[in-house]
Amino acid sequence: MSAATQVFEGGFTDTVLNSQEIFRALMDAMANPGRVVSVGDLAIAPSPLTSVTASIAATLFDHDASVWCDKPILASDDAIGWLKFHTGLVVTGNPSEADFALISDVEAMPSFDSFAKGTSEYPDRSTTLILQIADFDGPQKLTLKGPGIKDIEVFAPSQLPKMFMEQWAANRGAFPRGVDLIFAGQGALAALPRTTRISKKEA
Amino acid sequence: MTELATYNFAYLDEQTKRMIRRAILKAIAIPGYQVPFASREMPMPYGWGTGGVQVTAAIIGPKDTLKVIDQGADDTTNAVSIRAFFQKVANVPVTTRTTEATIIQTRHRIPETALAAGQTLVYQVPIPEPLRFLEPRETETRKMHALEEYGLMHVKLYEDIARHGHIATTYAYPVKVEGRYVMDPSPTPKFDNPKMHNSPALQLFGAGREKRIYAIPPYTEVVSLDFEDHPFEIQTFSQPCALCGAKGSYLDEVILDDKGGSMFVCSDTDFCEERQAAGHRGELSAPQAEAAE
């Protein structure tokens, strides 16, 4: 497939119902932190974007959404071209102004502090981080508590940001300000809203 | 055959849905906080549930089954017209049974039947700001929420006690969500407040004219404000439902004649009908129909 075709193809086949399906998965995930919600491969985007990341982008982004992309995504003209053609997003270089951040290399991502946390009056003016990971069967099992979780939830994303526990504790401590995380795995997604309390599960 | 142009699925255009969906995700992440959103003109007047309709339109899909209630009833004007609206613009299955619905849009009641995980309750909200009648300026109420300065609300409840001897607020009774935000549960009777606490269902609130969306995720702490010596209490009724005999459900008074006669019946019509179908009878029930006819 030529580069140009890659950019223009691979969008939702049914814009209306596909984005509704992905949104419901996102809403379900955000309302039930750590729950792994299966989604179909509804959009196909050029590397390094995976199908789930592309679907989330096509569901949430438009000309009203400023998005910060990490280096591997920015370095790919095809990936950026796909995002622009299919969503019309505004790419921003300043993470502290971004509504969303698209992160393909989770281990190398900037700290949560680099992104918008919102203000005390408007804590919703914060960045939602979309982390692209391999799967939800990672070695480090996290125990989650908080709104949306009946008793406890166990969550094991394959990749986590550096110093995740410390960063998350600081993020939780800044409530109601803070960032929210969406994890885009293979064929599934999950979320961690800022309200979730996380501890490491004893092996 | 030429097809007439139809509405986009669920009436709203896709850009509007994305905007509302982004607001809903933020609202769920910050329970009880009112997220501003760019509310649209809807084909019904403000005050008829435009906020709830926009939230429902942004989340509903072909796999959903919709129930709409107005003061607990499935068969009153607002409920019937909104249900018909979504049948027309989204062609989704509708129901009056609480247990069969995946999305329940409500005006001022929470169903008596306990909600289940996976269900979403969408409230129509007229005034989302619980502090609005105490402080009219949005800039000030924003600051009060930011600083968690809710003393004024307690003063209001205290003044109730000073004037009436008890907390006289009976609907739109303020709650505190997850120990942080004071929230208006919309004008539901305070009878329903305990149902919001630790509900397995997701609760979304849409205020169309006031342009706010807020949410309570499942299993979230929702506490009605009160005082140690004047604890929160729900309404109680001295008689059971006149049609199904239910005790402990929320009752509406129905005027029967112009001589002061009235009856009390369940406000939740589905709950009442299910009970009657199961053979429960109240004092004003029609005589038992001949079952063998």
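How many of the five residues of strand E2 (residues 66–70) of chain B are buried? Let's find out in these close-ups of a predicted model, in which local features need pLDDT of at least 70, side-chain atom pairs count only at pLDDT 80 or more, and totals for chains, interfaces and linings use all residues. Residues are numbered from 1 along each chain as its sequence is written, while chains are lettered from A and ligands numbered from 1 in the order in which they are written.

**View 1. Strand E2(B) is buried.** Five of the five residues are buried, so E2(B) is largely enclosed by the rest of the structure (buried: 20 or more other C-beta atoms within 10 Å of the residue's own, with C-beta atoms placed from the backbone; strands: DSSP runs of at least two residues, helices of at least four). Leu66(B), Val68(B) and Asp70(B) point one way, and Lys67(B) and Ile69(B) the other.

**View 2. E2(B) has a parallel partner.** Five bridges join E2(B) to strand E3 (residues 103–107) of chain B in the parallel sense (strands pair if DSSP finds at least two bridges between them). Look for Lys67(B) opposite Ile104(B).

**View 3. E10(B) and E11(B) form a hairpin.** Strands E10 (residues 251–255) and E11 (residues 262–266) of chain B pair in the antiparallel sense over five bridges. Asp252(B) has Val265(B) as its bridge partner. Six residues lie between the strands, and Gly260(B) takes a positive phi near 90 degrees.

Technical notes: Buried ≥ 20, exposed ≤ 12 C-beta atoms within 10 Å, placed from the backbone.
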